[in-house]
Amino acid sequence: MPEPIEESEAYEGEESPDTVDPKFLERLKELHDRCLTANISYEEEVDGPLHHVTIHLQAGRVKRPLFISELTEVEELLSCPFEKVVFLSDYDAFCSYEEGWIDASVTGLGTTPLTGLLRRRLFGIMPSENFDPSAHSIELESVHPSSIKAHLLLAGHRLSKVVGRPGPSLQLKGLSISSHDQAIDLLETVSDGLFFEIDTRFNLALGIRKFRRPTNRPFLKSDDLGRKALQIPQWRYDKQPMSLYWYGRSATSMPLLQFLAYYQAIEFYFPIYSQNEAIKQVRSLLKSPSFSIHDDSDISRLLTAIQLSRAGGFGDERSQLRATIQSCVDAQDLRSFLTSDERTSEFYSSQSHWKEVSKEKVPIDNADADLRISVADRIYDIRCKIVHSKADGGPTKAELLLPFSKEAELLSFDIELSRYVARSVLVASSAHAVL
């Protein structure tokens, strides 16, 4: 048996983990000086031998942090003119106005296994073949005179390694760009057309990788299992809306589909609860001493109350949603749901966050307000922003709620709200189970 290595021998010729590489500190000093000259924010945290540096580069109207903690990252950053680089706010992409280029990280969409398919179908590299990623690129042909050059690369710009996205990228060169919005428009125009062609010809779904902004999400407490034993269900739930509810629970990476799944689970019961509301309205009208069958306005009110929608409910869709929520959701329980979680309460009480998704306010600060109508109006407004995406005659672009947008990333609180409502409606509409 070999003799154990003495501690002094184990680190002989190696740097002690309790010391900092002098070269690392030297390169950090160089980075600091370049940031200072370029008026770029530089922050350094020291924890014993560990140094964590954050610099902030422009990304549209905001700054995006770039984190550095290793020598290789510093050297990659120093090897390129990062002072001339800005991020493109919605994407893992960066560009240089001065040098006229854009480099954007490419990813597979959905369950597309990007690496193997991309190498094989586009670059002709077999799985067993050894290759150098930096040596492989595809130059896109230009069908009309243009100074723009476009390449699809297996390895992107040097900055990609620092950002943490060292994989494939789309690179555009020879550009005349001077603004963030102009760069975004050009990148989207080229990538949409290119990736649509690749999808059509090679059955390969690609996209520009989106930048994931750090956002608060609701923290919902789970039930204490010790309070009540699990039991054989006493209640039966309708299969169609329950299927939609489970689809919503599974679509965690697709917030718009997730929201719509919960909405459709609620929508299933519109005919039932809107009919109950219509009955109450008709009964109230007919019992009124002022109602006259000879008065056209009274008859018009009666017809409005019993007007059938195309889906078989009474009234328009907004009023059907209101009727369903009022019938199935307890007002006090709803308020408790919206206020018991600090993050949820802060979202709906803030001056800006809730407005970015929908202008329909839920007045949780008003202790006397019945929140059910305002919740119904907010859910309906968001639903319309998702499904009404007509190119002509529909809402304007600003009124749409698009995938991967900042508004979609803020949707998590309203997704949980719609899930809570769907759950309440399922419970209220359940029947005794016969097993």
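Does Tyr 269 count as buried or exposed, and at what relative accessibility? Please look closely at this residue, and then continue to other parts of the structure.

Mentor: Please keep in mind throughout that this is a predicted model. At 1% relative accessibility, Tyr 269 counts as buried, because the cut-off for that word is under 20% relative accessible area. Its ring pairs with that of Phe 268: the centres are 5.0 Å apart and the planes stand at 80°, so the pair is edge-to-face. Phe 268 counts as partly exposed, at 35% relative accessibility.

A pair of aromatic rings is described by the distance of the centres and the angle of the planes. A search of the whole structure finds 10 aromatic pairs. Another of them is formed by Phe 87 and Phe 94, with ring centres 6.0 Å apart and planes at 85°, so this pair is edge-to-face as well. Here Phe 87 is buried, with a relative accessible area of 2%, and Phe 94 is buried with a value of 2%. Together with Trp 101, Phe 87 and Phe 94 form one aromatic cluster.

Let us turn to the nonpolar cores. The largest has 45 residues, and those touching the most other members are Leu 321, Leu 338, Tyr 348, Val 375, Ile 379 and Val 421. Helix H17 gives the most to this core, namely 8 residues. Val 421 deserves attention: apart from neighbours within four places in sequence, Val 421 is in contact with Ile 266, Ile 325, Val 329, Val 375 and Ile 379. A second, separate core consists of 27 residues, among them Leu 170, Ala 183, Ile 184 and Leu 187.

Nonpolar side chains are also found on the surface. Trp 235, Tyr 237 and Val 427 form a nonpolar patch there, and their accessible area together is about 280 Å². Val 427 belongs to helix H17, which covers residues 412-428.

Charged side chains complete the picture. The structure holds 15 salt bridges. One of them joins Arg 27 to Glu 30, with the closest N and O atoms 2.8 Å apart. Both residues lie in helix H2 (residues 22-38), 3 residues apart, which is about one turn of the helix. Glu 30 is partly exposed, with a relative accessible area of 32%. Arg 27 and Glu 30 also take part in a network of salt bridges with Lys 23 and Glu 75.

Arg 61 and Asp 181 meet through their side chains at 4.0 Å, N to O. Arg 61 sits in the loop between strand S2 (50-59) and strand S3 (62-68), while Asp 181 sits in helix H6 (residues 180-202), so the pair ties together parts that are 120 residues apart in sequence. Arg 61 counts as exposed, at 76% relative accessibility, and Asp 181 as partly exposed, at 47%.

The salt bridge between Asp 92 and Arg 64 has an N to O distance of 3.8 Å. Asp 92 lies in the loop between strand S4 (86-87) and strand S5 (93-96), whereas Arg 64 is in strand S3, 28 residues apart. Both Asp 92 and Arg 64 are buried.

Key:
Residues are numbered from 1 along each chain as its sequence is written. This is a predicted model: local features need pLDDT of at least 70, side-chain atom pairs count only at pLDDT 80 or more; totals for chains, interfaces and linings use all residues. Side-chain values use heavy atoms; hydrogens and water are left out. Patches are made of residues with over 30% relative accessible area and no salt bridge: like charges are joined within 9 Å, nonpolar side chains (Val, Leu, Ile, Met, Phe, Trp, Tyr) within 5 Å. Accessible areas come from the Shrake-Rupley method with a 1.4 Å probe; for residues, only the protein chains shown count as cover. Helices (H or I, at least four residues) and strands (E, at least two) are DSSP runs, numbered from the N terminus. A nonpolar core is a set of buried Ala, Val, Leu, Ile, Met, Phe, Trp, Tyr and Cys residues joined through side-chain atoms within 4.5 Å. Buried means under 20% relative accessible area, exposed over 50%, partly exposed in between (1.4 Å probe, protein chains only). Contact means heavy atoms within 4.5 Å. Rings of Phe, Tyr and Trp (its six-membered ring) pair if their centres lie within 6.5 Å; planes under 30 degrees apart count as stacked, over 60 as edge-to-face and the rest as tilted.
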